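Hello,

Here is the structure I promised to pass on to you. Have a look at it first, and then read on for what turned up when I went through it.

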Amino acid sequence: SENGPVRPAEGGAVLDVFDYSWSKVANMVFMEQPLFVGYSISDDEAGDGKTDDELNAKRLVQFLANWYEKFPEFATNDMYLSSESYGGHYLPVTSTNLLDYSARQIAAGKGDALPGDGGPLSSIFRGFLVGNPYTNLAENNKGMMHAVWGHGLLPSTAYEEWRKICDGGNSVDDGTDDVSSITSPAQKIMK
């Protein structure tokens with residue numbers, strides 16, 4: 001992994017120290033978001049199974065506030081949030097919630113406190129980044145079609161037909177036979 005302090009050595013039987021690891025210059029906390037993806041678990045599946053971007057954002061901000069209370073030694077470090085894929089939806093919502101939470105902390109007179117002492121998270125929040133963000137269906141389809149064609153996996157004739165039918169990619173695959181006959185093979189390639 002590009003993040004960790006070690007990498008598998010040639011042959012994979014042992015690990016070698018990675019001299020250029022992010023862990024030499026930053027502390028990272030990995031959070032599965034939303035609940036029930038990846039390795040995340042819950043004791044209350046019935047209650048926690050309800051989810052949407054707003055609820056997930058509130059949960060993540062509460063996690064961060066609790067985390068800084070438990071580990072106040074990190075409360076003076078700059079904080080960046082990052083995500084990929086569907087994070088293009090929820091990370092901007094989470095960032096907005098973090099700023100709203102901080103405004104409430106400031107209004108409650110905790111503006112000078114560090115995050116670990118109930119202070120605003122905004123005092124250390126420096127920004128967010130999203131990699132390969134899924135923001136909307138039309139943009140996702142455009143990216144998929146351009147990538148598949150650009151890597152030579154979709155014939156130019158099919159790519160040009162898609163551009164003609166879908167207004168250069170500005171309309172979405174609506175499931176009609178004309179559009180699906182072109183996008184379906186591309187979707188299979190991308191899986």
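Let me begin in strand β4, where N132 lies. Please keep in mind that this is a predicted model. N132 has a positive phi of about 45°, although it is not a glycine. Most residues other than glycine have a negative phi, which is what made me stop there. With a relative accessible area of 71%, N132 is exposed, because the cut-off for that class is over 50%.

S85 is another non-glycine residue with a positive phi, in this case near 55°. S85 is found in strand β3, and its relative accessible area of 38% makes it partly exposed.

Now for the overall layout. The chain has six helices and four strands, and along the sequence they follow the pattern β-β-α-α-β-α-β-α-α-α. Of its 191 residues, 30% count as buried. Among the contacts with a separation of 6 or more, 50% are between residues 24 or more positions apart.

Which residues touch the most other members of the largest nonpolar core? They are L64, Y68, M79, L81, L98 and L121, out of 14 residues in that core. The elements that give two or more residues to this core are α2 (53-70), β3 (79-85) and α3 (87-110). The most comes from α2, with five residues.

Two packed helices are described by the angle between their axes and the distance between the axes. For helix α4 (residues 137-150) and helix α5 (residues 156-165), the axes come within 10 Å and cross at roughly 160°. Angles over 145 degrees count as roughly antiparallel, so α4 is roughly antiparallel to α5. The crossing of these two helices, α4 and α5, is left-handed. On the α4 side, the residues in contact are N141, K142, M145, H146 and W149, and they meet S156, Y159, W162 and R163 in α5. By type, the residues of this contact divide into four nonpolar, three polar and two charged.

Not counting residues up to four places away in sequence, P120 touches S102, Q105, I106, K110, G111, A113 and P115. P120 and A103 are 17 residues apart in sequence, and their C-alpha atoms are 7.2 Å apart in space.

I would be glad to hear what you make of it when you have had a chance to look.

Best wishes

Technical notes
Residues are numbered from 1 along each chain as its sequence is written. This is a predicted model: local features need pLDDT of at least 70, side-chain atom pairs count only at pLDDT 80 or more; totals for chains, interfaces and linings use all residues. Side-chain values use heavy atoms; hydrogens and water are left out. Axes are lines fitted to C-alpha atoms, for helices over the stretch in contact, and angles run from 0 to 180 degrees between N-to-C directions. Angles under 35 degrees count as roughly parallel, over 145 as roughly antiparallel, 65 to 115 as roughly perpendicular and the rest as oblique. A crossing is left-handed if the near helix is turned anticlockwise from the far one by less than a right angle, and right-handed if clockwise. Contact means heavy atoms within 4.5 Å. Ala, Val, Leu, Ile, Met, Phe, Trp, Tyr, Cys and Pro count as nonpolar, Asp, Glu, Lys and Arg as charged, and the others, Gly among them, as polar. A nonpolar core is a set of buried Ala, Val, Leu, Ile, Met, Phe, Trp, Tyr and Cys residues joined through side-chain atoms within 4.5 Å. Buried means under 20% relative accessible area, exposed over 50%, partly exposed in between (1.4 Å probe, protein chains only).
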